[in-house]
Amino acid sequence: MTKNSYAGKIAFINLSNNKIKFELTEKYTRKFIGGRGINLWLLYNYSKIEYHPLHRNSPIIFGTGPLTGTLAPGSGRLDIAAKNYYTKGIGYSNACGYFAPELKRAGFDHVMIYGKAEKPVYIKIINGLIEIHPADDIWGLTTWETEKYIKHENKDPYLQVLSIGPAGERLVKGACIIINRDCAAGHCGLGAVMGSKNLKAIAVKGENPIELSNPDKFYRYFEEIWAKITSKSKVTNVIKKLGSLMYFSSTAEAPVRNNQDAYLNQFKVVLPQKFIKEKGFMGIGYYMCPISCRHYFKTKYGILKGPKTNGLHDFVSRLEIYDIDDVIKLNALCNKVGLDIDFTSNVIAWSIEAYEKGLLTVKDFDGLKPEWGNSDFVERMI
Amino acid sequence: MATNISTNDGFTLKINPVECLGCLACVMVCSFHHTKMLNPYYSSIEILRDDDNATIRLKHYKVKENMHYACDRCQGEKRVLCIDICPTEALYIK
């Protein structure tokens, strides 16, 4: 067999009877390259049209591609596919972080999970060995606490953990899957799909190397591309400094107050260049990604990881919260409980507008007074 | 687990933790330099991020430890790869 960068195996884990079977990735790579292609092919083959997304046999698939874990820039993404909780059609989302390369080094290109555990469990994959552990102790914890607990319990700080928060456990439609505290696979209600299987988390560690079929040629291409990305042109400098936040600063175009307006008058108050300079002190990039989409911020609530562009769109413009500390806190809160920030802010913005138009009353909000720009109200709603 | 730095021969890799993004490009090119394969556990450097305190630490393996290869100061390469590859110039020699 020639060397290539696939890990070589796909694991199928049935949580109903704790049985695990394996297949070779080779079987699928003739048809698809990897990642989302194989994920959706597996979903198509193992799911049935009559299955509800939260049906016990409806699968959820975690996949990496042939470039994952190599030197290719931005190759740290994990693709996750399952039936879409919103539309009942296909659903997929992807997230960054260090999880995907670790999964591949642990020996699996894809991991498919189906069935439903009787009690909460978490899966541990270490160097090709798959174990299913009880997760009664961590059921109900936030994603941050879960990650900490699993690392502490296994006495291994090198474990990479993917988990759901209380939102996923309670099968909220906007529940997402969180990796490394703030990398979210947010779309399609994947967190709820995991929650419906009583699966709290997956922890991986892999020490096997990823091989390349033609290392020298690969390295030459890598050097060329990497030099272009990290060159010191004006554009790359802005991208490196602001990450995806630069899209927010370039125009004032934003969905204001539940899309009632499309121009944010006060956008200069929350200019990313300004608040990153004032409060940000460290950029964050993930596996082989030289762009710092997020930053650590010193806020009045402590040191927190900041939002990406959509975080600003969601909380600043859609809900008109102009205090950047509050925005960062709300973003972190959503990550903790495992909620998709787009979903959360849309629902809250919709409810505020509905209240304004008289469709909802204070009674519907448990006595809270909904208003634009009130971060306490938003926090209570979350 | 502490790295033995008694063999210090004047080549110490340092990190500017505020600049480092944690992209691990340095770690991966190092493992590629040693083995032509990709595995952070083969690398002579290790970047550890602590999310609680928002800090980044560098561990420089000057002698072989577990699976980590000892740093050979990029012998056979034109430059010191990890320093050269860093997008934010966070690594430097002291």
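This is a predicted model: local features need pLDDT of at least 70, side-chain atom pairs count only at pLDDT 80 or more; totals for chains, interfaces and linings use all residues.
Visitor: How many residues of chain B are in contact with chain A, and what area is buried between the two chains?

Guide: Buried area is the accessible area (1.4 Å probe) that two parts lose on being put together, summed over both. Here 34 residues of chain B are in contact with 42 residues of chain A. The area buried between them is about 3100 Å², and carbon and sulfur atoms give 58% of that. On the chain B side, L38(B), Y41(B) and D51(B) lose the most area to chain A, together 20% of what that side buries.

Visitor: How many salt bridges does the rule find across this interface?

Guide: The rule asks for a side-chain nitrogen of Lys or Arg within 4 Å of a carboxyl oxygen of Asp or Glu. It finds 5 salt bridges across the interface of chain B and chain A. R181(A) and D52(B) form a salt bridge through their side chains, at 2.7 Å from N to O.

Visitor: Which strands form the open sheet, and in what order?

Guide: Strands of a sheet pair through backbone hydrogen bonds, either parallel or antiparallel. Two strands count as paired if DSSP finds at least two bridges between them. In chain A, 3 strands form an open sheet in the order β15-β16-β17, with antiparallel pairing. β15 (280–284) and β17 (302–305) of chain A each have a single partner strand, so one side of each is left without a neighbour in the sheet. Axes are lines fitted to C-alpha atoms, for helices over the stretch in contact, and angles run from 0 to 180 degrees between N-to-C directions. Neighbouring strands of this sheet are turned by 20° against each other on average, direction ignored. Helix α12 (residues 324–337) of chain A packs on the sheet, touching β16 and β17 of chain A, and its direction makes about 65° with that of β17(A).

Visitor: Where is I284(A), and is it buried or exposed?

Guide: I284(A) is in strand β15 of chain A. It counts as buried, because its relative accessibility is 1%. Beyond its neighbours within four places in sequence, I284(A) is in contact with residues of chain A including Y296(A) and K305(A), and with L21(B) and R49(B).

Visitor: Which residues of β6(A) lie on one side, and which on the other?

Guide: In a regular strand the side chains alternate between the two faces of the sheet. In β6(A), H110(A), M112(A) and Y114(A) are on one side and V111(A) and I113(A) on the other, and all are buried. Strand β1 (residues 9–14) of chain A runs parallel to β6(A), joined by 5 bridges, and F12(A) has M112(A) as its bridge partner. Strand β3 (residues 60–63) of chain A runs antiparallel to β6(A), joined by 4 bridges, and F62(A) has V111(A) as its bridge partner.

Visitor: Which residues have the most contacts inside the largest nonpolar core?

Guide: A nonpolar core is a set of buried Ala, Val, Leu, Ile, Met, Phe, Trp, Tyr and Cys residues joined through side-chain atoms within 4.5 Å. The largest has 113 residues, and F62(A), I113(A), I125(A), I177(A) and I202(A) have the most contacts inside it. Another core, of 9 residues, lies apart from it, with F12(A) and Y114(A) among its members.

Conventions: Residues are numbered from 1 along each chain as its sequence is written. Chains are lettered from A and ligands numbered from 1 in the order in which they are written. Side-chain values use heavy atoms; hydrogens and water are left out. Helices (H or I, at least four residues) and strands (E, at least two) are DSSP runs, numbered from the N terminus. Contact means heavy atoms within 4.5 Å. Buried means under 20% relative accessible area, exposed over 50%, partly exposed in between (1.4 Å probe, protein chains only).
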